[in-house]
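The sequence and the structure come first.

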Amino acid sequence: MEATDKKLLKVLRGETVTPPPIWLMRQAGRYLPEYKETRAHAGGFLDLCYRQDLAEEVTLQPIRRFGFDAAILFADILLLPQALGQKLWFETGEGPRLEPVTDTNTLKGADEVHEVLNPIYETVKRLSGSLPSETTLIGFAGAPWTVATYMIAGRGTPDQKPAHDLLASNPAAFHRIIDRIVEGTVEYLSKQIVAGAEVVKLFDSWAGSLKGADFDKVCIEPNQRIVEALRSRHPDTPIIGFPRGAGDRSVDFAKATGINCIAIDQSMNAEWARDNLQSICAVQGNLDPTLMVGTGDALEKHVEKLINTLGDGPYIFNLGHGITPDADPNNVSKLIELVRK
């Protein structure tokens, strides 16, 4: 299939496609038994990310099982900080850990990230040849604010307080970190596109904790710089943005960045998104991930409501956040059937 005929790429060009294309955030992951088997074989989580054969395999698993319209590269947003020289490891049952930074003096330059990240580009190349012809390949990175919250705190935090504190106490140092992440992210995503990614997505998972002028300076402006730099190098590659929790500031984000699509979380009213966002760009989302757990009895009415609300414009069906480890794969099959019926 020609790229111009792929359903997801049509939507990202502003077309309305019926039924809408569907993929799920974190669709390759811990809810799938085949993922658990591959993960056990890999050893550590970082081994799973950096071994091209295994990263390719877990990216392909949900495509084989469910036939999603897009595959998203299996990786982690914290690979970039590691490539910038920050020590990264994973504590079993607790998640990622980093040696905290409060300035850029211990970080490498953006042009030095590729030595660490070359295996990721190789995985993208492999996927561009192994995916079904109708399946769009999505590359991704964490957005600067979200990545910075982990780099500064050394771990995930419920309120991103260490990053907020550094922004308040030493804004110059904070923005030097943001600038380095912006530069590194442009390099990282550009190489993914060269390797075969047809779309890239920026995950700003903690955008909702930024308010007022901080949202403009720390969420919108860095994402805008990344989009502009990528467009200068790869003008035909669509970009999806996910400023989770941004609420009505999502309009400002979409207008300022000029992204092709904005992903919305489950807290956003779909009618509001239709009326305020869909005239600016395509919309992706926003089924509650908890509906994928349990019997799935409530799925049909929620799917029908989303498609009835957003399906008359450029729309990609997805969850409002990542699918959870306790999700039932049978519910995913049911979801796809409901979307495509």
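## A buried loop residue and the basis of the model

Gln160 counts as buried because its relative accessibility is 2%; buried means under 20% relative accessible area, exposed over 50%, and partly exposed in between, with a 1.4 Å probe and protein chains only. The place of Gln160 is the loop between helix 7 and helix 8 (161-169). Although Gln160 is not a glycine, its phi is positive, about 55 degrees. Helices (H or I, at least four residues) and strands (E, at least two) are DSSP runs, numbered from the N terminus.

The model is predicted: local features need pLDDT of at least 70, side-chain atom pairs count only at pLDDT 80 or more, and totals for chains, interfaces and linings use all residues. Residues are numbered from 1 along each chain as its sequence is written, and side-chain values use heavy atoms, with hydrogens and water left out.

An open sheet is formed by 7 strands in the order 1-4-5-6-7-8-9, with parallel pairing; two strands pair if DSSP finds at least two bridges between them. Strand 1 (70-72) and strand 9 (315-319) are the edge strands, each pairing on one side only. On average, neighbouring strands of this sheet are turned by 25 degrees against each other, direction ignored. Axes are lines fitted to C-alpha atoms, for helices over the stretch in contact, and angles run from 0 to 180 degrees between N-to-C directions.

Strand 4 pairs with strand 1 in the parallel sense over 3 bridges, and Ala71 has Leu137 of strand 4 as its bridge partner. Strand 4 (residues 136-142) is also joined to strand 5 (residues 199-204) by 5 bridges, again running parallel. Here Gly139 has Val200 of strand 5 as its bridge partner, and Phe140 stands opposite Lys201 in strand 5.

Helix 7 (144-153) is largely enclosed by the rest of the structure, because 10 of its 10 residues are buried. Among them are Trp145, Tyr150 and Met151.

Helix 10 (residues 212-233) lies across strand 5 and strand 6 (239-243), and runs at about 165 degrees to strand 5. Contact means heavy atoms within 4.5 Å.

## The hairpin

Strand 2 and strand 3 run antiparallel and are joined by 4 bridges. Trp89 has Arg97 of strand 3 as its bridge partner. The two strands form a hairpin with 3 residues between them, and Gly93 in the turn has a positive phi of about 80 degrees.

## Pockets

The largest pocket holds about 1200 Å³ of space. On a 1 Å grid over the protein atoms alone, a cavity is a set of points where a 1.4 Å probe fits but cannot get out, whereas a pocket is an open set with protein on both sides within 12 Å along at least five of seven lines; lining residues have an atom within 4 Å of a point. Grid points are joined across faces, edges and corners, and a volume is the space filled by probe spheres set on the points. The lining of the largest pocket has 41 residues, and Arg26, Arg30, Phe45, Ala75 and Asp76 lie nearest its centre. Helix 2 (33-42), strand 2 (88-91), strand 3 (95-98) and helix 7 each supply at least two lining residues, and strand 3 gives the largest share, 3 residues. By class, the lining has 21 nonpolar, 11 polar and 9 charged residues. Ala, Val, Leu, Ile, Met, Phe, Trp, Tyr, Cys and Pro count as nonpolar, Asp, Glu, Lys and Arg as charged, and the others, Gly among them, as polar.

The second largest pocket has a volume of about 220 Å³. Its lining includes Gln266, Met268, Asn286 and His302. Helix 13 (299-310) is one of the elements that give two or more residues to this lining, and its share of 3 residues is the largest.

## Cis peptides and a positive phi

Thr18 and Pro19 are joined by a cis peptide bond with omega about -10 degrees; Pro19 is in the loop between helix 1 (7-12) and helix 2. Another cis peptide bond joins Gly285 and Asn286, with omega about -20 degrees. Asn286 is found in strand 8.

Arg26 is also in the loop between helix 1 and helix 2. Its phi is near 60 degrees, a positive value in a residue other than glycine. Arg26 counts as exposed because its relative accessibility is 54%.
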